[in-house]
Structure formats: C-alpha cells, structure tokens
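Biologist: Before I plan anything around this protein, I would like to go through the model with you. Please put it up.

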Amino acid sequence: MFGRVTMMKFGYMGVRYKETPLAVRELVSFTDTKKTELFDKMQRIGVKQCMVLSTCNRSEIFFFYNGEIVIDQVYRCYEECFPGTDIRPCLQGSGGREALVYLFRVAAGLESLVLGEDQILGQVAESLEFSQLMGMAGKELNKVVRDAIRCAKRIKEEYRISEQPLSVSYVGVRRLAEVMGAGRSFAGHRVLVIGSGRTAELALVYLREYGPDRIYVCSRTMRRAGRLREQFPELVVIPYEERYRFLPECDVVLSATASPHLVVVREEYERQAASGEGIPRYFLDLAAPRDIDRRLEDLPEVRMIDLDSLQEITEQNRRERERLAGESVTLIRQAVAETEEWFHISRMDGTIESLQKRCRDIVEDSCAYLDRKLDLGGRERKIVKKVLNASLQRLLREPIQELKQLDSEEEQEEYREMIQRLFATEGDGNA
C-alpha cells in the first residue's frame, strides 16, 4: 500500500462510511484535543505535516512522509488516540498518486454519502486552517489541499452536481410549485402541514422559501409542533383534531406523518372541507404508508403528488449526479497531474535555492573586497553589486532550467549530490 522511498511522499489513512459502521466511526471521531494529540504523536515519528478531516462519515488523516517513516508507526499513532478500540481492520490508506486523487475526490464530494454534496468542501478548508494554526501545514500540505479545494470549486461551478436535488422534501415542494404554476412564490396561498417529524421540518424549510401567506401546522404531538414553532415563528399551530376545520382556508395540504392510517379521508374531506366552488386544492403526500386518501384524486378540484412520482424524479436526479460525477473525473485527473508536476519541480527547490544563496554569498564577498580596494561611492557600489548579481544569475539560468526539467527522482538525486560537491552547497533536506 505504501512504498519506502527517499523523497517526501503524500499519504492518507483513516476510516470512512463505506467500510466502517457508524458505531465504530462514532468511537474514532477527532475532537480538537484528539487532533492535537495525534499531531504530537506524528511529530515524534518524524511527520511534520498532517491534516485531520473528521466528520460524521469519515475520520481520516492526510500527511507527508519519507522513506524513514514506517507506515506501521502511523497506524499506531492513529490507534493510540483511541485506546481500547479495535479499529485496525477498518483502517484504509494509500500513498502517492492514489492518495492525491482520493483527496481531490473527497473535496469535490465524490466520496461523500450524498454524491456531490457541498458541505465537505468547507470541512476540508477548516481542517487545513486547524493544521496551519497548530504548525502542521508546510508548503507541500498547503499546496495539495488548496489545489484540491480549487479543483472542487471548479467542479461545483462547471458541473453543478449538488443542484440535482435528492431530498424528497425538496423535490416534493419544487414539484408542488410546478403543478401549481406558482413559479418561485406561494403568495396568495395558505398551507396546512400535517406532521412534525424530520420530513415535515425539512419541507417547512423549503416551503418558507416560497413565501405562502400563512402556514398552519398540526400534529398528534403538540409538544413537537410547538418545537417547530420555535424554529419557524410564523407558523400557526392548531390541534390535530381541527385539521378538517382549517382545510377550507388552505388550498395546499402537505402531509408527512408516521401514522399507519390515513390522516385525510375522502368522506370527511367532502363533509367538512370541500369548497364546492371548484377551486383547486393541492395535496403533497410525503408519507409511507400514504397519509392522504387516494380516492381524493377522483375529485375534479384535487391535484395529488405522492412518493411514487417523487421517487421517480429523485432517481433521475441521482443518475444525473452520477453522470456528472463521472465527467468531472477528467478534471480531477488534470488537476492532480498539475499538482504532481509542481511536486516534481519543487523537489529541486532546495538545491536551486542553495545555488542562488551561494551566488548571493559570492556577490557579497566580492563587493566587500572591492569596497576595501577601491574608493567607490554609494551609487557606484550599488551598480557593481547589481552587475555582479545579474552576471551570476545569467550563468545559473540555464542550469536551473535543466534542473527543473529532470525526469526522474534518481536523476534529481544525482544532480543534487553533484551540485553539493561542486559548489560546496548545503544539503536541502528534501531527501
């Protein structure tokens, strides 16, 4: 999984929802204290750059290592943060290009439980910020994570994967607006919401965006309905038993309960709620089993939307997300190649800097010597220093370009050692 090499290499390790059950993921969640503990352990084994990405679906570390680091040591650092937890069988990891591609996919939401979701992008950025704060993000980690974030933003802009809605509540409310011909506004409409669970709560979030004139909520559990009102102060909470009495005031009914029985039946609707004026009334049934009597569809004024029709739309959106995600892989491949090229060139940065430092030292020594031997004025001294520096930089220009274009790590190492011997430069610390 990892190779022992002389150059610094990128790797990742951790647990994620694909291979690890929630009960285990909950045990290995990294708090800020745990992150700091891990950083201390990693530094003790020689890892100086590390980032922890810990969410409800993953707890992974991304780091740079070299040939002197035994990967088993990294495993132990991770495990020791959670004593008494047998997580070794769940730990996944990789190094090099595979690890780079994985980070780019994570940032783009392609490794998320909800394909293409945007929240992970902010979580990656926050993880890098914490590593920077703790002094665990050097030039290389900053580069690779920022490149991954930049690529993810480009995918978000060009492919808009997350704009294909998968939430039944969202799809339902949007479909309701289409059927009503209401565009982006429910102005002039009143809504009755039956239920107070999570589905109803999400539906209320989306309903509120359309701005209906009034929203009534009823639930068998008034306490839960009351909690919804704390979140949505504009709601009017009514007793569950009064739902039919308020139906004539509402031309939109949204139901999302866990009831095993119908909560709106045709007979009661016709007896208490039917307008008798042919005014359209729209029912959105988000419950399984159904909340709304299917026989209401036979009434001329009723328009019904239920889970069967919504699930077809949701499935189409899911397939579209998968198609867009597949297309975005090409962009990730290109971005990773650019990052790898930067790493390849940057391996010689220390050697190039040592050559340039040698030149600066020569210029300073030469100027000091000339200053002692010649009576140079301030302007003349600046000109001499500038000419000397330009001449030496010109001498170095082509060798530096050659160093940047070396094709293999072996060649880079050979040139590095040769330059160190020929020019008596200091080691650059990359090997």
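Biologist: Where in the protein is confidence lowest, and where is it highest?
Modeller: This is a predicted model, and the protein averages a pLDDT of 86, with 87% of the residues scoring at least 70. By element, the lowest mean is 63, in helix α15 (residues 409–423). The highest is 97, in strand β2 (residues 50–54).

Biologist: Is A99 buried or exposed?
Modeller: A99 is found in helix α4 (residues 97–107). Beyond four places in sequence, A99 touches F10, G11, Y12 and S94. Its relative accessible area is 0%, and buried means under 20%, so A99 is buried.

Biologist: How far apart in space are A99 and M13?
Modeller: A99 and M13 are 86 residues apart in sequence. From C-alpha to C-alpha, the distance in space is 9.0 Å.

Biologist: Which element gives the most to the largest nonpolar core?
Modeller: The largest nonpolar core has 37 residues, and F10, F104, L141, V144 and V145 have the most contacts inside it. Elements giving two or more residues to this core include β1 (9–16), α4 and α6 (139–159). With 9 residues, the one that gives the most is α6.

Definitions and conventions:
Residues numbered from 1 in each chain as written. Predicted model: local features only at pLDDT ≥ 70, side-chain atom pairs only at ≥ 80, totals over all residues. Heavy atoms only, no water. pLDDT = per-residue confidence, 0-100. Helix = DSSP H or I, 4+ residues; strand = E, 2+ residues; numbered from the N terminus. Buried < 20%, exposed > 50% of the residue type's maximum accessible area, 1.4 Å probe, protein only. Contact = heavy atoms within 4.5 Å. Core = buried A, V, L, I, M, F, W, Y, C linked by side-chain atoms within 4.5 Å.
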